[in-house]
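Thanks, everyone, for making the time. I would like to walk you through one structure this morning, going from its helices to the chain as a whole and then to a few individual residues.

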Amino acid sequence: MPRLSAASVPAVAGLVLAATAVVVGAPVVGSPSVDAHPVAPATSMIAVTALPATRGVVADTGRRATQKFGLVGATWRSGSLAAGAQVQIRVRQHGTWSGWNPLTLPDGGPDDGSRDARAAAHRHVTATDPLWVGSADGVEARVVSARGDRPATAPAGLSVVLVDGGSSPADAAAHPATAMSTAAAAMSQPTVYTRAQWGADERLRTYNSGCGTPDYGSTVKMGFIHHTDGANGYPSSAVPSIIRSIYAYHVESNGWCDIGYNFLVDRFGRIWEGRYGGITKPVIGAHTGGFNTDSFGTSLIGNFTSTAPPAAMVSATEKLFAWRLGAYYRDPTATTTMLAGSFGGSRYAAGSTVTFKVVSGHRDADTTTCPGSAAYAQLPTIRSAVKSLIGAGLVAPTVSPTSIRMLSGQAVSVHSGVLRSQAWTLTVTNSTGNVVRSLTGSATPTAPIAGTWDGTDDLGAPVPPGTYTVLLSSTTSSSSALPYSTKVTVTPPVTVTGPAVAGYGQQVKLTGTAPTGSDVTLSLTRAGTALPAQLIHTTAPTWTATFTADEDYTWSAAVNGYSTPSRSTRVAPVVTSPVATGNTVFLTKATALRLAGTALPSAGPQVTLTTTSLSTGTTQATLPAAVAANGSWSAVTTPSIPVSVAVTDARGLSSTPLTVYPVDPPAASAPSTGYSARTLTVTGNAGHAPVAVRVLTKPPGASSFAVAAMVTAAPTGAFTAKVTLPAVATSSSLPWRVSTGYGADATGTTTVLPTFAPTATAPASGHYGVPVGYTGKAVPGDRVKLYTRAVGAKTFAWTATATADPRTGAFTLAVALRRDIEWAVQTPSGQTATKQVLVAPTLSAPASVLRRTVVTIAGTGVPGWKVAVYQRFHGTTVRTLIGTLTVNSLGRWSLKRMVDHPSDFWCVAAGRASRTVSVSTR
């Protein structure tokens, strides 16, 4: 993703640095002799003012002396840059002005909807890619139109952005490290210079709204290579300042949360940490629009369109990719699939599945030339080198399933691709770290690893239940792969489940699993007394057993000495009457609620009935109920508000709460009038309870009421029901009633009126491009459609829609006039007569001008019209044709005329005259 554009700056020779090989572990960083510290970049802005067009230049800052800066870009209000217009820049270095360089629009960035994109969207600003110039103290910016002979408009809010990355003694203190051999490099982390070492000011990450916290993907599937598209001849000491400048521009001008890249590599072979969040984690960057999640972006600092990246830079990039891809078991010469996010510059539609090479260039995903043709040509070599560096690598290892049941015959399958021929070992260890099973084999890229652990130890005996670590490792003669490990659970050979509570006297069913043909020992304890064990011989993988809940029971099952944990079924109070649907009971208000149920007699002589307000949660009443020897109990209560009812025994065990609603009679209302075959809305309250509501009507001529609508009220009792009114030719009465079954019905009457065809009016003429208003009246609530056609055409087209006011029936439609039209308005009740709106030409001119001033006379009309423009001097009756023009494709025309005497102007087109405009002179 280019973030810097090449400027005409002299190349400066620098030193070549190599990276150090280390074993995977804590981040490896360079060790500068001078302590690094945060350096705050300085950002300033210069407004670009609009100028009259001069050979296509429509805006120019003029040459400006500035404070020292190293990076320059431009911003403007989004959407205001004319198509094809270009912002150009030149700078002063050492007293000499450079040539003009274009500032290009960014071709990469965050995915739409990401934290970065949301932060940028608040600004409504577009920023160019910045231009790294090294060191400058003057700037000039201009806007050039698409064609030099055509004027363009300068974009709104155009500003030049200057960034000075600042300096620190630590910038020149990063030390090179000893180059590592291919064998040593395998899977190891190269030296990565941290954000602290390039002087990142971490406060900048909170500059934009909603920023400050990094976002993470779930893995790393691939890496994208970019270039910053800047000058190549920077000294090594300038690199921290370059990165700080990019960081500041990405945050302050682009509006992102942080620098877009995950890593940057300089021409000396040094790797620099980019986006904050941890170099070992799958941090989501803002480098490759549409594909930032589950990828990482590495930018080569420089311009590699025609110049190949230096060997040290390529070598460091290879080591970085070997480390990042190897850590996620990726094959750098293979492909992967990515789900495209939304991004305007992406080559792929959002939501599509795209296949990429695991090592790809930015241009593979977005419409860009990044990382430059010379760097892109290096990608095949980089892929091969990365694969060589990884060495004996595993590719996409998997272990499935991660849980097996002892003695079930289930097995754990281990699969993995490999980068080269290698020997592998599968080791299974228990929770104490002891090896219980070891398997070995060999694999090649065409015959990958396929191992199976059957849940036994090296002697063939089943391992006991527990958690085991499955470790896959592999080696070649010269390197070892990054091992892959995961946890596998071995569960007991027998399972058993049952209810935690049951009602007194209910049959309790236990269900379980065990190997077919095994003997399950079921242990039951009743009220603390162990019962004789039951032996169940399984003929299928599942088994069942039952007992009667006449006391509290504890139960467990065992096979081959392996037992399940003990579980209990306790006898809790149960409400058996009334029978509730969804544990909810409705009753007419002021009616007694008669409850009956069961409880454990040995738990105490009585249970307690407690009612609790649903709205306040406070206890409304408590009522004792005696428990008979057969476990039965009964009680009567009369709740006045919605309550929750629970029955509790002396041990504190409670029944499932029962929700009780005392229901008032329903109340309802509906409009007093409605229209034939239209919808009548009935609203009301169903007695402050969520009961079923029936709306019944008695249409004209019917002998009885019939159900017209059914709804369920809200918990508060509120309801809305819609009824289709009968079709009538004359006004008729429609009686209706609302019934819930609790108390008297609510009743009412609605007068049904016959419908009528719509009426509508519109002006007979209008002006091109100006909305024409259509107003009228229709049946209240009706959908109103406006149909139009060109005068003389045969077919109408549906042009606009409105809804008639539900009370008055009034409606308004407005559609821009583009030609002479015929129109009609249609509703379900009919349509208006066809009428016309004709386009009248317009003319405008200044009301007063200096004598002998050339003025612009302009107007509108239908594109292609011939417009005749007339002038008449005040005080005369002579009219003069001063020009005949053709209306352009935008519906506009204009001409220039010198006015040396007060005059009237008007125009005629298609036989229609515009209004007369009077111009006075002074």
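This is a predicted model: local features need pLDDT of at least 70, side-chain atom pairs count only at pLDDT 80 or more; totals for chains, interfaces and linings use all residues.

How far does helix 4 (residues 311–327) reach from its first C-alpha to its last? Helix 4 has 17 residues and reaches 24 Å, close to the 24 Å expected at 1.5 Å a residue, where the expected span is 1.5 Å times one less than the number of residues. Helices here are DSSP runs of H or I with at least four residues, and strands are runs of E with at least two, both numbered from the N terminus.

Residues are numbered from 1 along each chain as its sequence is written, and side-chain values use heavy atoms, with hydrogens and water left out.

Back to helix 4, which is mostly covered, since 14 of its 17 residues are buried; buried means under 20% relative accessible area, exposed means over 50%, and partly exposed is in between, with a 1.4 Å probe and protein chains only. Helix 4 is followed by Tyr329, whose phi is positive, near 60°.

Helix 3 (residues 239–252) can be read in the same terms: its 14 residues reach 20 Å from the first C-alpha to the last, close to the 20 Å expected at 1.5 Å a residue.

Just after helix 6, Gly391 takes a positive phi of about 75°.

Let me now turn to the whole chain, which has 6 helices and 71 strands. The radius of gyration, taken over C-alpha atoms, is 42 Å, well over the 29 Å that the globule rule gives for 922 residues, so the chain is more spread out than a compact globule; that rule is 2.2 Å times the number of residues to the power 0.38. Along the principal axes, the C-alpha atoms fill a box of roughly 120 × 100 × 50 Å. Buried residues make up 48% of the 922 residues. If we take contact to mean heavy atoms within 4.5 Å, then, of the contacts with a separation of 6 or more, 69% come from residues 24 or more positions apart.

Next, which residues does Arg437 touch, leaving aside its neighbours within four places in sequence? Arg437 is found in strand 25 (residues 435–443), and it counts as buried because its relative accessible area is 17%. Its contacts are Leu426, Thr427, Val428, Trp453, Asp454, Thr456, Asp457 and Asp458. Asp519, by contrast, is 82 residues from Arg437 along the chain, and their C-alpha atoms are separated by 28 Å.

Thr755 sits in the loop between strand 54 (746–753) and strand 55 (759–761), and at 32% relative accessibility it counts as partly exposed. Beyond its neighbours within four places in sequence, Thr755 is in contact with Tyr675, Ser676, Arg678, Val779 and Ser829.

Most residues other than glycine have a negative phi, and most peptide bonds are trans. Here, a cis peptide bond joins Cys370 and Pro371, with omega about 10°, and Pro371 lies in the loop between strand 20 (359–361) and helix 5 (373–376). Another cis peptide bond, with omega about 5°, joins Ser577 and Pro578, the latter in the loop between strand 39 (574–577) and strand 40 (584–588).

As for phi, Ala590 has a positive value near 75° and lies in the loop between strand 40 and strand 41 (593–598), where, at 68% relative accessibility, it counts as exposed. Arg852 has a positive phi near 65°, is located in the loop between strand 64 (848–849) and strand 65 (853–860), and counts as exposed at 53% relative accessibility.
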